[in-house]
Amino acid sequence: MSGYRVLGDWGTTRLRLFRIEHGAVTDRVYGDGIGTPGIVPEAVLRAALASWAGEGSPETIRLCGMVGARDGWREVPYANCPATRDAWLAAATALTLDGVPVEIMAGLACVDAEGVPDVMRGEETQLYGALALAPDLAGGRHIVVLPGTHSKWAVIEDGAITGVRTILTGEVFALLRQHSTLARGMAAGDAGAEAEGFAAGLVRAERGVLSGLFGARAMQLRGGKTPDWALGYLSGLVIGGEIAEMRATLADASNVTIIGDPRLADLYTQAFARNGIAVQRLDGDACVLAGLS
């Protein structure tokens, strides 16, 4: 026996593999995302594992993310909400790679009150990891937000994930930044101006996002603002709008849990604070590893 196992997060743009020995991460390697055109998943995984081959094959490999999507390595059917940890684990698909047992974890699928479906792949692993790292989430009703290109809002009730809502906040911001006239110009990296713009965007979001968008351009033309200010303003506008749209989900919540990148978590913490909501923050990598473990 080699004495190590491998846990992996294989998303559309990147593969991350963690080598686990005696319960601790002892190394990590990276590879192409499952969405890379023309890749052969088995070849990508073999190449990523090659640096450890001199010490034998891993005992097991467990993967989460888009690797289990319809156009991934092997499609894994979604587990339906409400989904407990045990129900999610039972929905995994098993296969082998060169004789090594491989397990691909399932995503989750939910349906909202209007009958509209929503799904996630990869974030559910972080959610179950969060339940392991923050036992207070296991009882009662909690809201967990995972900011990103596609922000995910999850409702956890007594340890089961009962609802999911996807909001394309990050993707919309990227489109506005790269393909609109609103943030035209070369940003100079002025963090102070960007922070000022972000705060202004949060305020403006309370009166509507669409009607506030052109302010990013107009304030540069007539208000003496810089491209850095405009980028911050657009970020505040779309994040503030996201929270405004989710007020019904927030209901009487006085706090939320945020999982993810520290910089994004900082922005969301500021936005939630403006709405009088406290935040508990958990590290994304730590939640992935806890969920896969």
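Strands β1 and β2 are joined by a hairpin through three residues. The model is predicted, with pLDDT of at least 70 needed for local features and 80 or more for side-chain atom pairs, while totals for chains, interfaces and linings use all residues. Residues are numbered from 1 along each chain as its sequence is written, and side-chain values use heavy atoms, with hydrogens and water left out.

Helices (H or I, at least four residues) and strands (E, at least two) are DSSP runs, numbered from the N terminus. Two strands are taken to pair if DSSP finds at least two bridges between them. Strand β1 (residues 5-10) runs antiparallel to β2, with six bridges between the two; Gly-8 has Leu-17 of β2 as its bridge partner. Eight bridges connect β2 to strand β3 (residues 24-32), again in the antiparallel sense, and Ile-20 lies opposite Val-25 in β3. The hairpin formed by β2 and β3 has two residues between the strands, and His-22 in the turn has a positive phi of about 55°.

In helix α6 (residues 215-222), the residues Ala-216, Arg-217 and Gln-220 are buried. Seen down the axis of α6, the buried residues fall within an arc of 95° (taken from the directions from the helix axis to the C-beta atoms) and therefore line one face of the helix. The cover over these buried residues includes α7 (227-245), contact being defined as heavy atoms within 4.5 Å. Gly-224, which follows α6, has a positive phi, near 75°.

Methods
Buried < 20%, exposed > 50% of the residue type's maximum accessible area, 1.4 Å probe, protein only.
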